Amino acid sequence: MAALDSSAVAGILRNRTYRHLFAAQIVALVGTGLATVALGLLAYDIAGGSAGAVVGTALTIKMVAYVTISPFAGAVADRVPRRAMLVGLDAVRAGVAACLPFVDAVWQVYLLIFVLQAASAAFTPTFQATIPDVLPDERDYTRALSLSRLAYDLESLFSPMLAAALLTVMSYHQLFAGTAVGFAASGLLVVSVLLPKSAPAARRESVLRRTTLGMRVFAATPRLRALLAMNLVVAAATSMVLVNTVVIVREQLGRSAADVGVALGCYGAGSMAVALLLPRVLDRLGDRRVMLSAGFLLAGVMGASAIGLAAVPASAGWWVLLTVWTLLGAGTSLVLTPSSRLLRRSAGGADRPAVFAAQFSLSHACFLAGYPIAGWLGVAAGIPVTLAVLGAVALAAGAAAVVLWPSGDPVRVTHVHRNLAPGHPHLVDTRSGADGGRAHTHDYVIDEAHPHWPRRADVLVARSES
C-alpha cells in the first residue's frame, strides 16, 4: 500500500462516484465551518455577555442529537434508497441554515440547531457506510479514509480564515447563506451519481430491533469493544483541546486571541501529518498496534504536559503547548482514521449502516461526557489537574482496549456451526466438523447465523488480519 501521495489520490479520484461524494463532503464541511463562526456572532447579538453559555448549550444539543438520532437513522438506512435519503437530509440542512439569519430568540437557535444536527446525525453515518461499497478494495478505502481525515483537518484551518475574509465584505448573516449553498451543492453532487444499493438484510426486523443492531454488534465483537474504549481516549484528548485552548492561551499564558488560532492550528497540523503518512504505517504495523500505541501516546502526552505547563514560565509554556497540541492531533488521527476500517471489517453490507451509526452515537456519547469534565474541572481545579485527570482516563481506557482486543484478531475464520439446523442456507458450503458440527471459512461478522463471537473450541484455523 502506498502512502497518500498524488498518485494514490489520483487513483481513487478516478472513480466518478467517489469523486462526487468526496466533493460533496468538502462543500458541506466548508458550509458547516462558516456556520460555526456565524453562530458565535449570532449568539453574541442575541445574548451579549452570555453568548458563551448559548454556544455551549448549542454544542451540548448537537451531541445529544448525535447520540440519540444516529441509531434510528441506521435502523432505517436499508429501507430507504441511499441517494434519496442523503439528498433529503442535505435539503433539510440547507433549509435550516437559510432560517438562522432570521432568528431573534435563544430558544429559536436551540430548536434550529437541534434540527440541523439531527439531520447531520442521520446523514454522516449513512454517507460513511456508503464509501466501502463505492471503494470495495481495502487499499483504496484506506486512502479514502486518510483523504477524508485530511479534508476535516483542512476545513478546521480553512473555514475560520475564509469566514474572517468574508466578514470584511459582508455581515455574518450572509455566512449562513454560504452554509445553505454548501449543503445544497452537496445534495446536487450526491444526486449526480448512482450509489450502490445496500445489501439486502438477511431478515426483516422491526425498526426498534434494527435501532439496537449496531450496539449489539459492538457488544459481541472484541475489536469493536476495544474501539469503544479508544473512543473514550480520543474524547479525553479532544475535549481538552476544544474546551480549554482559549483558557490556556489567553488566561494562563497571557497571549493574544490570534494565538488561540495558532494553537488549534498546531492540533490540526499534527492530525494532517498523520493522515498523509498513515496508509504506509498501517500496511507495515496493522490497525491494532497503531491504534493501541496511539492511545498510550495520548495518555502520556497529557500526563507529561500536566507537569510541564505548571512548571515552566509562560514564555516556554507557549512552545510546550504547541508541541503538546501537535502530538495530541497526531494521536487522535492515529485512532480515528483506522477506526472506519474496523467498522467495515466487522459488519456485512446490510448491517454496515447500523454499525457506522452505532459508532457515530457511541463516540459522541464519549464527547458528551468529555466536554463537561474538561470545562467544569478546568474551572474548579485548574488546567494541570484537568490534564492529569483526562490523561488518567485515557490511560485506563487504553489499557481496557488492550485487554478487549485479541492480539490475533482474525477476519477470515474457519469455524464450526452447532447452532444451525441441517439444511440451513448458510451451511451449503460446509464440511463435517468436530462433535457433529459443520465447518467452513469466511469473513466472520456478527449476524443472524453468527450471533456470538466464536468460542475457542469452535475456531479451527484463523488467518490474522490485524
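Tutor: Accessible areas come from the Shrake-Rupley method with a 1.4 Å probe, and for residues only the protein chains shown count as cover. For the protein chain here the accessible surface comes to about 19,600 Å², and 66% of that surface belongs to carbon and sulfur atoms. Please keep in mind that this is a predicted model, in which local features need pLDDT of at least 70 and side-chain atom pairs count only at pLDDT 80 or more, while totals for chains, interfaces and linings use all residues. Residues are numbered from 1 along each chain as its sequence is written, and side-chain values use heavy atoms, with hydrogens and water left out.

Student: How many helices and strands does the protein chain have?

Tutor: Helices (H or I, at least four residues) and strands (E, at least two) are DSSP runs, numbered from the N terminus. By that reading the protein chain has 14 helices and 4 strands.

Student: What share of the residues in the protein chain is buried?

Tutor: A residue is buried under 20% relative accessible area, exposed over 50%, and partly exposed in between, with a 1.4 Å probe and protein chains only. Of the 466 residues in the protein chain, 51% are buried.

Student: What part of the contacts joins residues 24 or more positions apart?

Tutor: A contact means heavy atoms within 4.5 Å. Among contacts in the protein chain with a separation of 6 or more, 83% are between residues 24 or more positions apart. Ser-339, in helix H12 (residues 314–345), is a case to look at: it is buried at 6% relative accessibility and, not counting residues up to four places away in sequence, touches Leu-227, Met-291 and Gln-359.

Student: Which residues have the most contacts inside the largest nonpolar core?

Tutor: In soluble globular proteins, nonpolar side chains tend to be buried together. A nonpolar core is a set of buried Ala, Val, Leu, Ile, Met, Phe, Trp, Tyr and Cys residues joined through side-chain atoms within 4.5 Å. The largest one here has 96 residues, and those with the most contacts inside it are Tyr-18, Leu-321, Trp-325 and Leu-328. Helix H9 (residues 222–252) gives the most to this core, with 14 residues. A second, separate core of 20 residues includes Leu-34, Leu-100, Tyr-172 and Leu-175.

Student: How many aromatic pairs are there?

Tutor: Rings of Phe, Tyr and Trp (its six-membered ring) pair if their centres lie within 6.5 Å; planes under 30 degrees apart count as stacked, over 60 as edge-to-face and the rest as tilted. The count comes to 3 aromatic pairs by this rule. One of them is the stacked pair of Tyr-18 and Phe-22, with 5.9 Å centre to centre and 15 degrees between the planes. Both residues lie in helix H2 (residues 16–47), 4 residues apart, about one turn of the helix, and both are buried. Another is the tilted pair of Phe-367 and Tyr-371, at 5.7 Å centre to centre with 40 degrees between the planes; Phe-367 is buried, with a relative accessible area of 14%, whereas Tyr-371 is partly exposed at 22%.

Student: Over which ring does the charged end of Arg-93 sit?

Tutor: A charge sits over a ring if NZ of Lys or CZ of Arg is within 6 Å of the ring centre and within 35 degrees of the ring normal. The charged end of Arg-93 sits over the ring of Phe-123, 4.3 Å from its centre, and that of Arg-255 sits over the ring of Trp-318, 4.2 Å from its centre.
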